[in-house]
Structures are given as structure tokens and as C-alpha cells.
Amino acid sequence: MTTLMMILGIVVFVLGLLISIAWHELGHLSTAKLFGIRVPQYMVGFGPTIWSRKKGETEYGIKAVPLGGYIRMIGMFPPGPDGRIEARSTSPFRGMIEDARSAAFEELRPGDETRLFYTRKPWKRVIVMFAGPFMNLILAVAIFLGVMMTFGVQTQTTTVSTVSPCVIQASENRDKCTKKDPVAPAAEAGLKPGDKIVAFNGTPVSDWSALQSDIRANPGKKVMITVDRKGEQLSLTAHLVKNTVSKTDGSGGYVEGKYVEAGWFGFTPATGIVEQSFGQSVDRMGDMMQNGVESLVSLPGKVPDLWNAAFGDAPRKADSPMGVVGAARIGGDVFTLDIPASQQVAMMLLLVAGFNLSLFLFNMLPLLPLDGGHIAGALWESLRRHTARVLRRPDPGPFDVAKLMPVAYVVAGIFVCFTVLVLIADVVNPVKIS
């Protein structure tokens with residue numbers, strides 16, 4: 001039964017992946033057609049074609065390998081300086097440029113001269129290339145907000161899980177009390193597991209992050225803690241102590257290895273599934289976006305750990321980069337967890353939403369062959385033309401993005417190598433759900 005549920009989870013994730021890819025390419029397709037660019041192909045996947053159907057001037061299809069997708073637009077690059085679409089050169093770098101230029105004019109038909117991608121104004125090209133990643137962002141935001149506001153998310157609450165018997169500094173890395181350790185304020189005040197803290201010094205509190213901030217802001221002070229104990233409200237008096245505690249990330253979590261001096265009460269909050277308000281959901285989305293950008297920036301620095309996890313005995317870290325195989329494996333694990341079916345669905349949706357957010361951020365990198373590279377090229381062309389107009393100089397014409405293809409091949413090669421490394425790590429030492 002466990003194996004069947006894992007297979008089902010993988011299948012569901014792959015379907016979510018295909019929908020996300022199709023949704024991305026739909027953004028490119030719809031805006032390209034809106035601006036009159038001819039699109040011969042719209043494909044989900046790579047490799048051999050499993051199914052296709054031609055409608056109008058576009059062939060729509062599904063390919064065997066669900067690791068991406070594409071639309072093919074006519075005239076992605078302008079002709080060479082001599083106006084010719086094809087030319088040959090003995091230079092390997094020049095050959096790359098000419099091959100890319102030639103491929104951009106495949107299936108050129110009479111009348112297509114006015115329907116080429118490069119002939120559109122820069123702002124239209126920016127919209128066409130941005131539309132794909134933007135569709136992923138829309139899907140990610142919709143799923144995240146939907147899950148947080150309906151299913152809820154696992155978060156720390158104001159309910160007490162355990163009460164510390166004594167005061168121990170977080171930096172000491174121990175959990176057993178000694179005779180020299182003073183009694184913890186929470187234990188001395190009579191706080192018990194299961195109590196729900198509802199007010200701090202008479203001010204109502206509803207989330208752990210706010211309560212944590214209140215406690216930390218009052219070291220050495222006498223405070224009133226109101227708790228709900230089995231339906232009865234009790235007021236407890238506590239004298240908070242100043243303690244060395246783990247630094248927080250601003251959302252109730254902790255920063256590993258970082259410590260600060262702050263007020264301390266002495267209890268561990270319980271975790272639970274809590275529905276979020278729209279404002280809370282937006283705040284969490286902002287944190288996710290920030291974490292996503294930081295993860296993308298720190299990606300090169302994670303390669304050594306990834307290599308050691310794939311080819312050495314090093315453990316795979318929880319924040320290690322994951323590929324499609326690793327994410328699919330996580331999707332399978334989700335359906336084997338001993339949790340309510342509603343939470344399995346919520347976790348699967350969050351996994352797909354995270355994948356879409358990653359697609360958006362990754363594709364916005366200003367590097368060819370990514371969408372962000374084409375956007376950067378169009379913006380540079382617009383800047384050149386506006387500058388020439390202001391300085392009353394001749395129009396420099398379209399920016400020849402094809403000249404950047406040697407760089408694009410290098411970038412693509414790096415991406416392929418990184419993808420292979422992640423794939424190996426996902427197979428031999430996968431990230432697991434804790």
C-alpha cells in the first residue's frame with residue numbers, strides 16, 4: 001500500500017509539473033499571437049512527440065520527457081549585417097551565431113516578413129518573454145494563498161507544548177538541568193503543557209511570533225500572562241529573566257548558530273495547522289520570495305556540499321538544491337505520510353507552488369538562453385535606440401542577440417552539468433521529509 005501511495009504521489013506531482021510547464025508556455029504563446037508573431041509549435045516536454053494536433057498555423061503537442069517545454073517563434077534573431085539569413089564561417093563561435101540565426105527563420109513562408117519576433121518593438125518582446133515566467137508567478141501566488149487561507153499551514157502556536165524546568169543558555173547546547181541552574185520563570189509561574197496563552201500584560205495575543213517578540217522585549221521584568229486552561233482563563237505572574245537565546249528570523253523561527261541576549265520565559269510552543277488571514281498569507285509569500293532570491297544567489301556556494309552528498313559520505317542538507325527527480329520523490333513521500341488526506345493535498349499543492357516560484361525566479365536571470373536573457377536584450381535595444389534619438393544619431397537598429405549565443409552555450413553547459421549533479425544527488429542521497 002505504501003509503494004502504491006508513493007507511485008500515486010509521484011504521478012500527481014508529474015501532472016502538476018506538466019500543467020505548470022504548459023501554463024508557462026501558454027503565457028508566451030498568447031502574447032506572441034496577440035502581437036501578430038507566427039508560432040509554428042507549442043510543445044510540452046522534450047524528445048519524441050507522443051501526441052500532436054495542428055490547429056490553424058500552430059502545432060500543439062506533448063513530448064516524451066516532461067522536463068520542460070517550448071514554443072517556436074519565427075525570427076527570434078535579426079538577419080546578419082549583410083541582410084542574409086544564412087552564411088557560413090570557419091570560426092566555431094561565428095558558426096554558433098549563424099546556426100542560431102538560421103534556426104530562427106525555419107519554416108519562413110511568404111508574408112512572414114511582417115510577423116517576425118525581432119521586428120516587434122522592444123516593449124512587446126519584453127511582454128512576450130516575461131509572460132511565461134509571470135504565469136508561473138501567478139500560479140504560485142494563487143496556490144500559496146489558497147492553501148494558506150483554506151487548508152492552513154503548520155506553524156508554531158501560543159499553546160504550550162513543554163515547560164522548561166530550569167534556566168539554560170541556548171549556547172550551552174544541553175537540555176539537562178543541574179543543581180546550580182535556577183528554576184525557569186514559566187515553571188515557577190505554574191505554566192503547564194496544554195495551556196494556551198491568550199494575553200501578555202493584558203494585551204491579547206493570537207500568534208507565536210508576536211508573543212515571542214513580547215517576551216524577548218521584556219528581560220528582567222515582571223509580567224502578567226493570561227492562559228486558557230481547559231476552558232478556564234487564569235492569570236499567571238512571571239518574572240522574565242535575561243538569557244542567551246537563539247536569534248530569530250522575524251517569523252518565529254530561529255537562525256542556526258546565532259545568539260542574542262533577550263527576555264526568556266521557558267516553554268516550547270506547540271505546532272499546529274492554522275489558517276492564515278490574507279495579510280498573514282501575503283507576509284509569508286513575501287518571506288518565501290525573499291528566501292527564493294537568497295537561495296538562488298547562494299546556489300554556487302552549495303555546489304561543494306552537493307558534490308560531497310552525491311559522491312561522498314556527507315549528509316544531504318535540508319536546503320540542498322533539488323531537481324525534478326528529487327521533487328517528484330518528495331511528492332511520493334507526501335502521500336505516504338501518516339497525516340490527514342487534506343494535509344497531504346495541501347503539501348502537494350505547496351510543492352507544486354514552490355516549483356512554480358522557482359521557475360519564475362530562475363527564468364528571470366538575465367542570461368541566455370533563459371527568458372531573462374531575451375528580456376535584457378530587448379531592454380538594451382530600447383536603451384540604445386532612445387539614446388540615439390536623444391543625441392540625434394542614426395537608429396542603431398535591432399540588437400543582435402544572436403551574437404551572445406556563444407555565451408548562451410557556455411551558460412547552458414553549466415546548467416546541464418549542475419542539473420546532472422543534482423540528479424545524481426537526488427538518486428543516491430535524496431532530500432527527505434523530516
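This is a tour of selected sites in the structure, with what to select at each stop.

**Before starting**

The model is predicted: local features need pLDDT of at least 70 and side-chain atom pairs count only at pLDDT 80 or more, while totals for chains, interfaces and linings use all residues. Residues are numbered from 1 along each chain as its sequence is written, and side-chain values use heavy atoms, with hydrogens and water left out.

Helices (H or I, at least four residues) and strands (E, at least two) are DSSP runs, numbered from the N terminus.

**Stop 1: the aromatic pairs**

A pair of aromatic rings is described by the distance of the centres and the angle of the planes. Rings of Phe, Tyr and Trp (its six-membered ring) pair if their centres lie within 6.5 Å; planes under 30 degrees apart count as stacked, over 60 as edge-to-face and the rest as tilted. The structure has 10 aromatic pairs.

Select Y42 and Y60. Their rings form a tilted pair, 5.6 Å from centre to centre, with 55 degrees between the planes. Y42 belongs to strand β1 (residues 41–55) and Y60 to strand β2 (residues 58–72), so this pair ties together parts that are 18 residues apart in sequence.

For accessibility, buried means under 20% relative accessible area, exposed over 50% and partly exposed in between (1.4 Å probe, protein chains only). Y42 is buried at 11% relative accessibility, and Y60 is partly exposed at 23%.

Next select F362 and F415. The ring centres of F362 and F415 are 5.0 Å apart and the planes are at 55 degrees, so this pair is also tilted. F362 sits in helix α9 (residues 341–363) and F415 in helix α11 (residues 405–428); the pair links distant parts of the chain, 53 residues apart. F362 has a relative accessible area of 28% and is partly exposed; F415, at 22%, counts as partly exposed.

Then select F130, F134 and F360, which ring pairs link into a cluster.

**Stop 2**

Two packed helices are described by the angle between their axes and the distance between the axes. Axes are lines fitted to C-alpha atoms, for helices over the stretch in contact, and angles run from 0 to 180 degrees between N-to-C directions.

Show α3 (residues 122–151) with α10 (residues 371–390): they pack at about 165 degrees, with their axes 9 Å apart. The two helices are therefore roughly antiparallel; angles under 35 degrees count as roughly parallel, over 145 as roughly antiparallel, 65 to 115 as roughly perpendicular and the rest as oblique. The crossing of α3 past α10 is left-handed (the near helix is turned anticlockwise from the far one by less than a right angle; clockwise would be right-handed).

Now display the side chains. On α3, P122, R125, V126, M129, F130 and P133 meet D371, H374, I375, A378, L379, E381 and S382 on α10. These residues divide into eight nonpolar, two polar and three charged. Ala, Val, Leu, Ile, Met, Phe, Trp, Tyr, Cys and Pro count as nonpolar, Asp, Glu, Lys and Arg as charged, and the others, Gly among them, as polar.

Stay on R125, which lies in helix α3 and is buried at 6% relative accessibility. Contact means heavy atoms within 4.5 Å. Not counting residues up to four places away in sequence, R125 touches F117, Y118, R120, A378 and E381.

**Stop 3: helix α3 against helix α9**

The contact of α3 with α9 has 19 nonpolar, six polar and no charged residues.

**Stop 4: loops**

Select K302, in the loop between α6 (278–297) and α7 (303–311). K302 counts as buried, at 17% relative accessibility. Leaving aside neighbours within four places in sequence, K302 is in contact with S295, D319 and P321.

The last stops concern the backbone. Most residues other than glycine have a negative phi, and most peptide bonds are trans.

- Select L368 and P369: the peptide bond from L368 to P369 is cis, with omega near 10 degrees. P369 lies in the loop between α9 and α10.
- Select N201, in the loop between β4 (196–200) and β5 (203–204). N201 is not a glycine but has a positive phi of about 55 degrees, and is partly exposed at 41%.
- Select R392, in the loop between α10 and α11. R392 has a positive phi of about 55 degrees, although it is not a glycine, and is exposed, with a relative accessible area of 81%.
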